[in-house]
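Colleague: I would like to learn how to read the features of a model like this one, taking them one at a time. Could you begin with a pair of helices and go on from there?

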Amino acid sequence: MADPVLSFTERGIYCPAADVYIDPWRPVPRALITHAHSDHARPGHGAYLATPVTAAMICHRLGVEVETQPYGEPRRIGGATISFHPAGHVPGSAQVRVEVGGEVWVVSGDYKLENDGLSEPFEPVRCHAFITECTFGLPVFRWQPQAEIAAEINAWWRANREAGRASLLGAYSLGKAQRLISMLDPEIGPILTHGAVEGSNAVLREIGAFDRETVPVTPDYDRKAHPAPMVIAPPSAFGTSWARKFGPAQTGFASGWMRLRGVRRRRGVQRGFVISDHADWPALLRAIKDTGAENIYPTHGYVDIFAQYLRSEGYAATPVPTEFGGDEDATEQSGDAA
Amino acid sequence: MKDFARLFTKLDQTTRTSEKTSALTEFFREAPEADRLWAVALFSGRRPKRAVTTTLLREWAAERAGIPLWLFEESYPIVGDLAETIALILPSPAAPEDRELAEWIGVVKGLAEKEAEDRKHAVLEAWDHLEPTERFLFNKLITGGFRIGISRKLMTRALAEATGVDEAAMALRLMGKWQPEDTSWDQLTAEEDASEDDSRPYPFCLASPLEAEAASLGDPADWLAEWKWDGIRGQLILRGGTHHLWSRGEELITDRFPEFARTPDFLPPGTVLDGEILAWKDGSPLPFAQLQPRIGRKTVPKKLLTEAPVRMLAYDLLEHEGADIRALPLSERRARLESLLSGLPEDAAVMPSPLLDETDWPALAARRESARELRSEGLMLKHRDSAYRDGRKRGDWWKWKLDPLSVDAVMIYAQQGHGRRANLFTDFTFAVKDGNGLVPFTKAYSGLTDAEFDEITRWVKRNTQQRFGPVRQVTPELVFEIAFEGIQESARHKSGIALRFPRMARWRRDKPVDEIDTLDGLKSLLAAYG
């Protein structure tokens with residue numbers, strides 16, 4: 001029997017026909033990278049291939065050289081034809097389509113279906129087998145439209161400003177941060193950014209993927225110059241002396257996990273905004289349906305439960321263990337990308 | 001309901017007491033009267049009787065959401081709260097409607113009289129009219145347990161601010177068996193106390209744990225020392241020719257303890273005692289385990305009455321000859337208590353909790369060491385001049401407990417917590433060595449920091465050997481010091497023992513599994529203290 005198009009190894013998803021790995025978590029000679037988040041784009045590989053925007057981000061983060069491949073353009077590698085397709089997760093994020101001898105497999109990477117106005121919108125890709133993330137693969141996870149969350153965040157900011165307080169909004173520095181900034185109403189006041197966020201802003205601005213104006217928080221930051229600002233920072237910056245320079249403040253956190261009251265309380269943030277760069281339950285099911293695939297490999301998330309549900313819906317579904325999402329709440333525990 | 005949902009959201013979004021109080025005060029000033037009254041009722045543990053089982057709620061929610069029941073059941077532990085799981089899993093409301101809280105409570109109360117099919121219809125219809133937060137609250141009304149971080153004290157303060165009634169007077173009015181159906185807002189908050197509730201207890205005065213050296217409390221002559229009993233704290237109320245018994249949890253438990261039925265024959269009306277209810281035989285307390293079966297029972301079988309008869313060891317007198325004497329110094333209350341209870345016959349089921357007569361700290365400390373022989377948890381130290389305050393105010397009353405017993409044990413099963421701790425593994429089963437094997441002997445949930453639970457959660461995921469539903473069997477590797485207050489024989493447990501208040505005192509990273517304690521070790525503790 002011929003090799004499967006893709007196989008699951010201890011280094012990550014492997015394509016024997018092309019001798020490449022997709023988002024491997026151990027060093028490999030050749031890696032295809034779906035997007036630049038640190039659990040997917042790791043250092044130490046021999047060669048990297050990614051979309052131009054992802055390549056710019058990886059370059060910035062890891063200082064490695066990355067070969068680029070635009071969306072939709074097929075590339076022949078060994079016995080396989082490989083192409084990237086927008087995943088809608090963050091700017092530059094891609095699904096990887098792998099075709100070997102007429103059989104098509106797609107690795108979703110992380111994705112969402114809603115157009116966030118910043119990332120290239122998700123494109124369904126027809127395939128025989130679909131390896132899908134399912135970070136939020138439970139029916140309790142359903143998102144409101146982005147515009148509604150934007151209104152909530154702006155109202156929160158406005159109220160804080162009226163009370164003379166800063167609004168500290170925690171978000172992952174690549175993707176979520178820029179998405180939030182683009183949702184903010186710049187009329188309300190100044191938008192300040194933590195260094196980690198500003199680093200991503202700068203890279204994306206340079207390649208024309210982001211155009212909002214922000215004020216980086218520098219060591220000589222003067223509170224009086226920017227009263228009651230919105231501050232976008234990685235949540236890890238909260239509770240540090242850095243966060244105290246803004247004076248009285250309210251903290252908020254923007255993540256799909258904020259849907260759960262228990263997580264909101266554990267995080268100890270004052271406001272949770274339910275917004276995610278991952279697909280919610282209905283979106284996962286729709287994405288899977290749109291691929292036309294019969295073989296589904298849920299990975300990264302509530303894999304066992306999700307696979308069981310898919311089987312009850314008539315799919316052949318096999319959970320796949322991964323090291324970046326070894327279990328249901330790995331993302332929530334490490335606390336960022338969701 | 002929107003007002004109430006907004007209040008809930010505000011309360012939920014802050015940890016600041018001042019913000020919570022002001023949100024509540026505003027609600028108590030502005031919400032419709034019936035809603036205000038219900039909010040007070042709910043936050044003080046009064047709620048409509050449960051008319052629907054949680055099993056049915058799960059089935060209906062899954063059906064309405066169009067998902068299989070097993071998928072609902074899998075989602076529930078991850079969310080960590082049933083009312084919330086239902087609220088999140090249902091589709092958006094088809095026809096949102098803003099009805100008052102009191103009206104929705106009417107719906108919940110009405111469920112009890114409905115036929116099964118109509119009951120389902122009423123609940124599904126309600127879900128269809130409510131936004132997710134409102135739904136969550138509506139579900140809480142059905143399932144009970146309205147614990148949303150509002151302490152009694154905080155609510156009392158907000159009520160006092162909103163109405164101008166003195167805080168202590170307000171605290172007293174919130175006690176007892178009033179219900180929103182038989183009380184009006186005016187009655188509850190009028191300038192003059194309008195209550196006609198003869199059974200109404202006083203707010204309990206609470207003690208703080210003594211962490212400093214006892215000698216730091218100054219002259220021992222200023223303190224009264226008693227045993228700290230391990231029973232049920234209660235108030236025995238004699239008014240209007242009859243008696244009432246309240247637990248510390250403000251549950252009326254008169255009928256569960258018929259032993260006190262004759263107290264009106266021995267004690268005058270206008271008497272309120274605070275004391276500990278203990279299972280008692282032959283002049284000494286029985287283990288708490290023998291009192292336990294009596295707590296849950298509304299009616300007591302005769303056998304249980306003979307096996308575990310109870311009595312109250314009274315330590316305070318709150319009302320004497322019909323007058324509230326809580327402001328008098330403890331020494332005076334104590335003197336009146338003793339004279340009131342002196343010479344009561346054995347079957348009066350009430351006696352004063354003895355004072356200890358040691359006069360210096362070292363002697364008291366030595367006496368405390370012997371507490372376990374009496375099945376006591378240590379000593380209570382109360383300032384002789386102290387008033388009987390409402391709630392916990394540090395400084396006057398101290399619990400000076402014995403150091404707990406402890407054993408080192410290994411974790412063998414782990415399960416996720418609920419609520420704030422959903423998604424974290426926090427509920428563990430521990431084992432000690434028995435020959436070459438391990439035998440489970442207790443569960444424990446508390447005692448570690450959030451950071452430690454976080455770390456253990458990651459460890460559990462990597463070291464799961466087998467899953468049994470939500471329970472994971474893990475590699476027996478992590479060692480913990482398990483502290484507990486007491487140890488008893490138990491036929492229900494494989495190990496043959498049951499612990500009282502077990503918790504994790506420490507994560508023993510320094511200790512290898514083969515050095516943990518043994519079942520024989522536990523048995524010798526049982527022999528010594530059981």
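**Reading the features**

Modeller: Helices (H or I, at least four residues) and strands (E, at least two) are DSSP runs numbered from the N terminus. This is a predicted model, in which local features need pLDDT of at least 70 and side-chain atom pairs count only at pLDDT 80 or more, whereas totals for chains, interfaces and linings use all residues. Residues are numbered from 1 along each chain as its sequence is written, and chains are lettered from A and ligands numbered from 1 in the order in which they are written.

Colleague: At what angle do helix 4 and helix 6 of chain B pack?

Modeller: The angle between helix 4 (residues 54–65) and helix 6 of chain B is about 15 degrees, and their axes are 9 Å apart; axes are lines fitted to C-alpha atoms, for helices over the stretch in contact, with angles from 0 to 180 degrees between N-to-C directions. That makes helix 4 of chain B roughly parallel to helix 6 of chain B, since angles under 35 degrees count as roughly parallel, over 145 as roughly antiparallel, 65 to 115 as roughly perpendicular and the rest as oblique. Thr54(B), Leu57(B), Ala61(B) and Ala65(B) of helix 4 meet Leu82(B), Ile86(B) and Ile89(B) of helix 6 in this contact, where two residues touch if their C-beta atoms, placed from the backbone, lie within 7 Å. These contact residues divide into six nonpolar, one polar and no charged (Ala, Val, Leu, Ile, Met, Phe, Trp, Tyr, Cys and Pro are nonpolar, Asp, Glu, Lys and Arg charged, the others, Gly among them, polar).

Colleague: How does helix 5 of chain B pack against helix 6 of chain B?

Modeller: Helix 5 (residues 69–79) and helix 6 (residues 82–89) of chain B pack at about 120 degrees, with their axes 9 Å apart, and the two are therefore oblique to each other. Helix 5 of chain B passes helix 6 of chain B in a right-handed crossing.

Colleague: Is helix 3 of chain B enclosed, or does it lie in the open?

Modeller: Burial is judged by counting C-beta atoms, placed from the backbone: a residue is buried with 20 or more others within 10 Å of its own, exposed with 12 or fewer, and partly exposed in between. Nine of the 11 residues of helix 3 (residues 33–43) of chain B are buried, so this helix is largely enclosed by the rest of the structure. The buried residues, Trp38(B) and Phe43(B) among them, pack against helix 1 (2–12), helix 2 (17–30), helix 7 (101–110), helix 10 (152–163) and helix 12 (185–189) of chain B. Gly45(B), with a positive phi near 85 degrees, follows helix 3 of chain B.

Colleague: How many residues of strand 17 of chain B are buried?

Modeller: Of the five residues of strand 17 (residues 464–468) of chain B, the number buried is zero, so this strand lies largely in the open. Four bridges join strand 17 to strand 18 (residues 471–474) of chain B, and the two run antiparallel; strands pair if DSSP finds at least two bridges between them. Arg467(B) stands opposite Arg472(B) in strand 18. The two strands form a hairpin with two residues between them, and Gly469(B) in the turn has a positive phi of about 60 degrees.

Colleague: Which strands stand at the edges of the sheet in chain A?

Modeller: The order of this open sheet of six strands in chain A is 14-13-15-12-16-17, with parallel pairing. Strand 14 (215–216) and strand 17 (271–273) of chain A stand at the edges, each with a single partner strand, so one side of each is left without a neighbour in the sheet. Strand 12 (residues 166–170) and strand 16 (residues 249–254) of chain A pair in the parallel sense over five bridges, with Ser167(A) opposite Gln250(A).

Colleague: Which helix of chain A gives the most to the side that touches chain B?

Modeller: The contact between the chains takes 21 residues from chain A and 25 residues from chain B. Helix 6 of chain A gives the most to its side, with five residues, and the residues on that side divide into seven nonpolar, five polar and nine charged.

Conventions. A crossing is left-handed if the near helix is turned anticlockwise from the far one by less than a right angle, and right-handed if clockwise.
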